[in-house]
Amino acid sequence: MRVVVLTGAGISAESGLATFRDADGLWEGHDPMQVATPEAFAADPVLVQRFYDERRAVLGRVRPNAAHEALARLEQELGDDLFLVTQNIDDLHERAGSQRVHHMHGRLTAAWCVVCDARHEWTIDLRDEPACPGCGRQTLRPDVVWFGEIPYGMDEIHEALWDADLFVSIGTSGVVYPAAAFVKYAVAAGADTLELNLEPSDGADDFRQSRTGPATELVPAWVDDLLSTRR
Ligand code: BJW
């Protein structure tokens, strides 16, 4: 059985990482959605770099939760038959043990030089404009995908969706495209579909089945169910 899992901010919420659209979704008085755009970066690069520097620093203080761990366990059992694609830029899937994570919106732990186009693993602040290790220019930005930019790995993601027997969406509000359309691709490809979320998302009606509750409860229970039916 080929399974595609899409994760969003809700899977990391119980680790202590803020989501984008929940009630307390303000950062220093700014809507995070207004900060995560190329226009915001052009208008106030220091503000945007600080937003990502702070989130990178918080990463060091949080840990993967039971939902990330359950998906790592699922990968151990399914191997290449699991395709895990995340919209999250945190590294909690990897730290839980997942080895094949597709970060469609990039990663906080990478920096991109907009001049020489090199990408570098990154752990320190970008607000002080450090030099690019490749070309020496002070032209690094977080290697993340903002509105109007093209998400990473779309060809591979579409291939996985067309081949999927089951598509599972975890902790995403279903309002940001192209991820919001994955369920429709999966349905068109003949896959079964399941949503796991604290509350039904905007796209919940597109799923054959929807379960509501915290990811740390729903995801381990779903993984147990799936693995027990394979044995
Ligand atoms: C829990 C929980 C718990 C809480 N347990 N659950 C008009 C119509 C259609 C599309 C467009 C349009 N105008 C513009 C567009 C395109 C645009 C778009 O979608 N806009 C919409 C807002 C309308 N999209 C783009 O521009 C994308 N690019 C693009 O389309 O390029 C064209 C192209 C595509 C494909 C091939 C070729 C060309 C790029 C989108 C980039 C999004 N970037 C961000 C920032 C990344 C960096 C960063 O992290 O700062 O990505 S925005 C932000 O939203 C971030 C997230 O990954 C993304 C999704 O958010 P997510 O994960 O869903 O979080 P929340 O907060 O919204 O929801 C949390 C959920 O968790 C909730 O449902 C809770 O209930 C749940 N939850 N606690 C379980 N404990």
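Trainee: Which residues form the aromatic cluster?
Mentor: F41, F51, Y52 and W146 form one cluster. Rings of Phe, Tyr and Trp (its six-membered ring) pair if their centres lie within 6.5 Å; planes under 30 degrees apart count as stacked, over 60 as edge-to-face and the rest as tilted.

Trainee: What should I know about the model before we go on?
Mentor: This is a predicted model: local features need pLDDT of at least 70, side-chain atom pairs count only at pLDDT 80 or more, and totals for chains, interfaces and linings use all residues. Residues are numbered from 1 along each chain as its sequence is written, and side-chain values use heavy atoms, with hydrogens and water left out.

Trainee: Back to rings. How many aromatic pairs by that rule?
Mentor: Five aromatic pairs. One of them is F41 with W146, a tilted pair. The centres are 5.3 Å apart, with 45° between the planes.

Trainee: Where do F41 and W146 lie?
Mentor: F41 lies in helix α3 (residues 38-43). W146 is in the loop between β6 (140-144) and α7 (154-163). The pair therefore ties together parts that are 105 residues apart in sequence. Helices (H or I, at least four residues) and strands (E, at least two) are DSSP runs, numbered from the N terminus.

Trainee: Are F41 and W146 buried or exposed?
Mentor: Both F41 and W146 are buried. Buried means under 20% relative accessible area, exposed over 50%, partly exposed in between (1.4 Å probe, protein chains only).

Trainee: Why is the pair of F167 and F207 stacked?
Mentor: Because the planes are at 15°, with the ring centres 6.1 Å apart. F167 sits in strand β7 (residues 166-170), and F207 in the loop between β8 (192-197) and β9 (209-212). So this pair ties together parts 40 residues apart in sequence. F167 is buried at 1% relative accessible area. F207 is buried at 10%.

Trainee: Which residue lies over the face of W146?
Mentor: R141, at 3.8 Å from the ring centre. The rule asks for NZ of Lys or CZ of Arg within 6 Å of the ring centre and within 35 degrees of the ring normal.

Trainee: New topic. How many disulfides?
Mentor: Zero, from a search of the whole structure. A disulfide is a pair of cysteine sulfur atoms within 2.5 Å.

Trainee: What about C113?
Mentor: C113 is in no disulfide. Its nearest cysteine sulfur, that of C116, is 3.7 Å away. C113 is buried, with 0% relative accessible area.

Trainee: And where is the closest cysteine sulfur to C132?
Mentor: In C116, 3.7 Å away, too far for a bond. C132 counts as buried at 3% relative accessibility.

Trainee: On to the ligand. How many residues surround the ligand?
Mentor: 37, and the closest are R21, Y52, R55, S173 and Y177. A residue is near a molecule or strand if one of its heavy atoms lies within 4 Å of it. Helices α1 (10-13) and α4 (45-59) each supply at least two residues of that shell.

Trainee: Which polar atoms lie by the ligand's oxygen atoms?
Mentor: A polar side-chain atom of R21 lies 2.4 Å from a ligand oxygen. For a polar side-chain atom of S173, the distance to a ligand oxygen is 2.5 Å. F20 has a polar backbone atom 2.7 Å from an oxygen atom of the ligand. The protein covers 76% of the 1500 Å² of accessible area that the ligand has on its own. Those areas come from the Shrake-Rupley method with a 1.4 Å probe; for residues, only the protein chains shown count as cover.

Trainee: What is the phi of D117?
Mentor: Positive, about 70°, although D117 is not a glycine. D117 is in the loop between β4 (106-113) and β5 (119-121). At 47% relative accessibility, D117 counts as partly exposed.

Conventions. A polar contact is a pair of N or O atoms within 3.5 Å; within protein, one must be able to donate a hydrogen and the other to accept it, and residues adjacent in sequence count only if both atoms are side-chain atoms.
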